[in-house]
Amino acid sequence: MACGAVYDLGFAVAILLFTAPAAGFLGLAVPVDAVYLKLNGILLLLLAGLYALPAAAPRRYAGVVAVAAAGRTLGFVFFAGIWAAGAAPAFLVLGVVDLIFGAVHAVLLRRAGGSLTQPEQNKGS
């Protein structure tokens with residue numbers, strides 16, 4: 001989850017502060033109206049923050065890990081579909097990275113014995 005947080009934080013910073021160079025690096029065009037692109041940057045900042053929670057306390061935030069695994073897998077399906085429809089190869093790369101994160105999240109959650117029904121109790125923190 002910590003790696004996912006850093007990854008998403010990096011993309012958020014790239015989108016919000018270095019839009020044109022990041023798009024050029026990935027071989028993607030920047031939309032004329034970048035409002036929704038910038039909103040994606042903000043949402044990635046939030047996602048990075050959410051990923052930091054289970055990175056610090058995985059059992060307590062097992063539900064976040066499970067949702068992250070499912071979301072990353074859906075990200076793969078989305079990006080692979082965009083690529084298959086003729087979009088830039090960067091979309092396939094992003095999709096494969098999402099699939100790897102999703103699989104790792106799921107495996108590590110299972111290994112940690114993460115439970116969605118009995119999360120670690122709040123001990124006054």
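Start with Ala-5. Setting aside neighbours within four places in sequence, Ala-5 is in contact with Ala-48, Tyr-51 and Ala-52. Contact means heavy atoms within 4.5 Å.

A word on the source. This is a predicted model, where local features need pLDDT of at least 70, side-chain atom pairs count only at pLDDT 80 or more, and totals for chains, interfaces and linings use all residues. Residues are numbered from 1 along each chain as its sequence is written, and side-chain values use heavy atoms, with hydrogens and water left out.

Now the core. Ala-5 belongs to the largest nonpolar core, seven residues in all. By nonpolar core I mean buried Ala, Val, Leu, Ile, Met, Phe, Trp, Tyr and Cys residues joined through side-chain atoms within 4.5 Å. Buried is under 20% relative accessible area, exposed is over 50%, and partly exposed is in between, with a 1.4 Å probe and protein chains only. Helices are DSSP runs of H or I, at least four residues, numbered from the N terminus.

Where is Asp-98? Asp-98 sits in helix 5, residues 89-111. Asp-98 counts as buried because its relative accessible area is 8%. Its side chain makes a polar contact with the side chain of Arg-72, at 2.7 Å. A polar contact is a pair of N or O atoms within 3.5 Å; within protein, one must be able to donate a hydrogen and the other to accept it, and residues adjacent in sequence count only if both atoms are side-chain atoms. Beyond four places in sequence, Asp-98 also touches Gly-75, Phe-76 and Phe-79.

Thr-19 is in helix 2, residues 19-26. Is Thr-19 buried or exposed? Buried, because its relative accessibility is 16%.

Last, Leu-17. Leu-17 lies in helix 1. At 62% relative accessibility, Leu-17 counts as exposed. Leu-17 is also one of the residues in a nonpolar surface patch. Helix 3 gives the most to that patch, seven residues. For the patch, residues need over 30% relative accessible area and no salt bridge; like charges are joined within 9 Å, nonpolar side chains (Val, Leu, Ile, Met, Phe, Trp, Tyr) within 5 Å. A salt bridge is a side-chain nitrogen of Lys or Arg within 4 Å of a carboxyl oxygen of Asp or Glu.

Technical notes: Accessible areas come from the Shrake-Rupley method with a 1.4 Å probe; for residues, only the protein chains shown count as cover. Helices (H or I, at least four residues) and strands (E, at least two) are DSSP runs, numbered from the N terminus.
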